[in-house]
Amino acid sequence: MPLRSIALILVTALLAVGCTAQIPGRPRAAKVVKKEASSETIQVRGTDNGPIDKLAATALTDIDEFWKQSFQQTFNKAWKPLTGGYYSVDTADASAKPPPCTQKAADVEGNAFYCPAADAIAWDRSSLLPVLQDRFGEAAVVVVLAHEIGHAVQNRMGITPEAERREPDKYPTILTEAQADCFAGSFVRNVTDGKSARLEFDADALDKALGALITFRDPVGTSPEDEQAHGSAFDRVAAFQDGYEQGTKFCAAMSVQNRTFTQRAFTNVDDRASGGNLQFSKMLESVTPDLDKYFQTLATSGGKTWPSPRAEAAQTEPDCSGDQGPVAYCPSDKTIKIDTKDELPLLHKELGDYATGTLIATRYALAELAAYGKPTEGSQASAAALCLAGAYTGAVFQRQDGFGLSPGDFDEAVTVLLKFDYAARDAKGEDAVDPGFARVARFREGVFEGPKKCGL
């Protein structure tokens, strides 16, 4: 029977984040349940009453209360609580009873889903929620469950499996999944605004929770027309952020006409074989002249003189003007110094070639601000650099010829922006935009709205 799942079984998720080079990260996010939260929560069937199910029950109770208010405001109708209930499944127990929409408990392994036929939600308490909590913090568990309730919202909107079968062009899976991410973002905004009775998120918790969305992306190169497509990391984070910033009415109005997806399939054998990634040296040879050309055009179109910054290799982390990270814009001699021996090659290997491209683009963006006579120091400069890097990325995305983006490049950009603040440091290595959630938001503004949004 049809079900709305979190998209990827856990073993795939672990492959996506495991066996990688070691790069420093942030400590595990704090607990999200308020100390004074009521112990009265929704009933969970099949629970062992352990900590992970208590977290799930608390989150789902809060999410249900959010929709009691928001559904009425959004659709002018009363919210109908789930009639089929909530199911916790121990997939390690062969004798465990299967929840609705499944034949056996093992069908739930590594998954959480909404079953429209039964109007029920189920999750794997053995090998999904505990691993999400361990890798991404408790907020990730909340986001995943809020996403599944988002599918219940859709069911009440009339976006049912039957409607999708009748009108697949109107309700492609990638759209309905993005809408569920959007609804989850709206709920999380309610939490961060302090309106939740049971939950509280800080910036670190939110950034780590978005890491879960990145993990549960489609495999790189998946076609957006695929019947099981859930979206790239960039598309999923974008939908979540739109819900966070715009609210449930915005999410409810999402359609194939007003939604842009960046997910693309591989178009040639070589790109598929490389995973869409250029070697480090080849990436530098390709992206630096392209950035120079793009920002030169942008400067001259505004009547400014472009100094054509010289890209120079550095053997260690550049230190021409404060600590900007592995790539630096040096105002004194108008150069872009690039660490070619240490951290940047490691980031390139770990996150992909457009993580490298994104960091370099923000340094060329600082040079663009200087050409326009704009400050290159301070928080406004940091935000503008992120936005301009996004504008460049959006322009490359639209190209038919020359240097272009490969499937997965947007995901690499959002990953490096969430994990590190290098791209958001100003010309003195200070005033970085924080948290990562905000860095991605500024980058997205440039992607979708162009350089005018960046203050030029």
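## Close-up views of helix packing and buried residues

**View 1. Helix 2 and helix 4 lie oblique to each other.** Oblique is the class left over once angles under 35 degrees (roughly parallel), over 145 (roughly antiparallel) and 65 to 115 (roughly perpendicular) are set aside. The model is predicted, with local features requiring pLDDT of at least 70 and side-chain atom pairs pLDDT 80 or more, while totals for chains, interfaces and linings use all residues. Residues are numbered from 1 along each chain as its sequence is written, and side-chain values use heavy atoms, without hydrogens or water. Helix 2 (residues 51-75) packs against helix 4 (residues 138-157) at about 40°, and the axes are 9 Å apart. Helices are DSSP runs (H or I, at least four residues) numbered from the N terminus; axes are fitted to C-alpha atoms over the stretch in contact, with angles from 0 to 180 degrees between N-to-C directions. Residues in contact (heavy atoms within 4.5 Å) include Trp67 and Phe71 of helix 2 and Leu145 and Ile149 of helix 4. The contact of helix 2 with helix 4 comprises 16 nonpolar, no polar and 2 charged residues; Ala, Val, Leu, Ile, Met, Phe, Trp, Tyr, Cys and Pro count as nonpolar, Asp, Glu, Lys and Arg as charged, and the others, Gly among them, as polar.

**View 2. Helix 7 packs against helix 8.** Helix 7 (residues 203-215) and helix 8 (residues 233-246) meet at about 135°, with 9 Å between their axes. This angle makes helix 7 oblique to helix 8. Their crossing is right-handed. Leu206, Leu210, Leu213 and Ile214 of helix 7 meet Ala233, Arg236, Val237, Phe240 and Tyr244 of helix 8. By class, 8 nonpolar, no polar and 1 charged residues form the contact of helix 7 with helix 8.

**View 3. Phe443 is a buried residue of helix 16 (residues 436-449).** Beyond four places in sequence, Phe443 touches residues including Phe234, Leu386, Ala389 and Leu417. Phe443 and Ala389 are 54 residues apart in sequence, and their C-alpha atoms are 6.7 Å apart.

**View 4. Tyr392 belongs to the largest nonpolar core.** A nonpolar core joins buried Ala, Val, Leu, Ile, Met, Phe, Trp, Tyr and Cys residues through side-chain atoms within 4.5 Å. Of its 121 residues, Trp123, Phe295 and Tyr392 touch the most other members. Among the contacts of Tyr392 beyond four places in sequence are Leu291, Phe295, Arg399 and Phe403. A second, separate core of 10 residues includes Tyr87, Val89, Val108 and Ala120.

Notes
Buried < 20%, exposed > 50% of the residue type's maximum accessible area, 1.4 Å probe, protein only. Helix = DSSP H or I, 4+ residues; strand = E, 2+ residues; numbered from the N terminus. Left-handed = near helix turned anticlockwise from the far one by under 90°.
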